[in-house]
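Open your viewer and get ready to select residues by number. We will go from stop to stop, and at each one you can check what is there.

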Amino acid sequence: MKKIFFVFIIVCLFLASCSKETTNNKVMQIVNSEQYTVENIQQISKIINGSNDLSKDDVSNLYIEVGNFIRMFAEHTADSLNNCLSNPNLEGIELNAINSEIDKMTKMSNETGVEFFKSEGYVVYGIMPIFLANIFHPYLTDEEYRFSEIEQMEYEEPATLDAAVTISYQDIADRLWMCDKLIANQNSTEELKTNLQAYRNTYIITLMYGADNTPAFDWQTHKMQQEIKDALLNYVKDHPNAESTTTLKEYIAVLERSNYFETQATRAFYFNYLRNN
């Protein structure tokens with residue numbers, strides 16, 4: 001009886017050790033097939049979401065592999081549609097069929113993570129960061145997943161686009177606070193903090209000087225816009241212990257000396273921050 005039980009334990013351990021390899025192999029078989037289809041993306045998602053035995057190294061490698069697979073799907077699909085659009089003899093019915101296909105693929109973005117749309121006569125695409133994070137959600141820490149939510153915000157509504165601020169300065173301040181909280185979180189890894197720092201620097205820079213086409217200071221009077229001033233003051237008031245508050249407080253001190261007018265001192269502070277960050 002003991003011998004049978006021992007053999008049973010060995011078999012269980014062997015099967016458990018194979019589980020990780022099987023999960024990894026199943027995904028890599030699809031990836032290596034280079035068959036970039038909606039069905040394969042769905043299958044990859046199903047396999048990973050239904051597993052619980054991937055190591056951190058497995059997840060790190062598969063995150064890259066699956067991300068590349070989705071990108072190749074997007075490129076192949078866009079190229080195929082653009083080849084059709086490049087036909088000089090394209091007629092109305094055929095053109096409508098291509099537009100219908102673009103609409104169809106975009107409506108499937110929740111299943112592929114890719115949005116297709118036309119820009120200047122060409123089909124282009126965007127890949128939603130949250131889609132990949134959702135595939136690997138069982139393996140991500142709360143901090144890693146919240147970072148993907150910041151990435152998704154930037155994907156859907158970039159803070160700046162074409163050298164212009166595209167969201168409210170209060171929204172920029174809110175995103176800055178999200179970064180500050182995650183960077184200060186003891187569970188955030190150094191790699192995650194490095195990625196967050198890039199976003200945080202962008203938000204701080206935008207709160208200081210806006211963007212080229214939407215400057216923080218009025219073109220004629222050189223006085224800071226009230227919306228930005230309010231966002232700065234509210235941030236340091238609401239988040240006194242945030243790491244960004246130290247920098248913003250110093251900047252506000254410079255602004256107060258000029259009554260919130262742009263001066264050589266404000267420019268010097270801004271460019272010094274740029275150099276060091």
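Select residues 56–85 for α3 and 92–107 for α4. Their axes are 10 Å apart and meet at an angle of about 165°, so the two helices are roughly antiparallel.

A few words on how to read this. The model is predicted, so local features need pLDDT of at least 70 and side-chain atom pairs count only at pLDDT 80 or more, while totals for chains, interfaces and linings use all residues. Residues are numbered from 1 along each chain as its sequence is written, and side-chain values use heavy atoms, with hydrogens and water left out. Helices (H or I, at least four residues) and strands (E, at least two) are DSSP runs, numbered from the N terminus. Axes are lines fitted to C-alpha atoms, for helices over the stretch in contact, and angles run from 0 to 180 degrees between N-to-C directions. Angles under 35 degrees count as roughly parallel, over 145 as roughly antiparallel, 65 to 115 as roughly perpendicular and the rest as oblique.

Now show the side chains between these two helices. Phe73, Thr77, Leu81, Cys84 and Leu85 of α3 meet Leu95, Ile98, Glu101, Ile102 and Met105 of α4; contact means heavy atoms within 4.5 Å. Eight of the residues in this contact are nonpolar, one is polar and one is charged (Ala, Val, Leu, Ile, Met, Phe, Trp, Tyr, Cys and Pro count as nonpolar, Asp, Glu, Lys and Arg as charged, and the others, Gly among them, as polar).

Next, select α8 (169–184) and α10 (226–238). Here the angle is about 30° and the axes are 9 Å apart, so this pair is roughly parallel. Their crossing is right-handed. On α8, look for contact residues including Tyr169, Leu176 and Trp177; on α10, they include Ile228, Ala231 and Tyr235.

Which residues have the most contacts inside the largest nonpolar core? Select Met224, Leu232 and Tyr251 to see them in this core of 39 residues. A nonpolar core is a set of buried Ala, Val, Leu, Ile, Met, Phe, Trp, Tyr and Cys residues joined through side-chain atoms within 4.5 Å. Buried means under 20% relative accessible area, exposed over 50%, and partly exposed in between (1.4 Å probe, protein chains only). Helix α9 gives the most to this core, with eight residues. Leaving aside neighbours within four places in sequence, Met224 touches residues including Leu207, Phe217 and Tyr260. A second, separate core has 38 residues, among them Tyr36, Phe73, Ile102 and Phe136.

Go on to Glu143 in helix α7. Is Glu143 buried or exposed? Its relative accessibility is 7%, so Glu143 counts as buried. Beyond its neighbours within four places in sequence, Glu143 is in contact with Leu182, Asn185, Asn187, Ser188 and Leu192.

Finish with two loops. Most residues other than glycine have a negative phi. Glu120, in the loop between β1 (114–119) and β2 (122–127), has a positive phi near 55°. With 78% relative accessibility, Glu120 counts as exposed. His222 sits in the loop between β6 (214–215) and α10, and its phi is also positive, about 65°. At 37% relative accessibility, His222 counts as partly exposed.

Definitions and conventions
Left-handed = near helix turned anticlockwise from the far one by under 90°.
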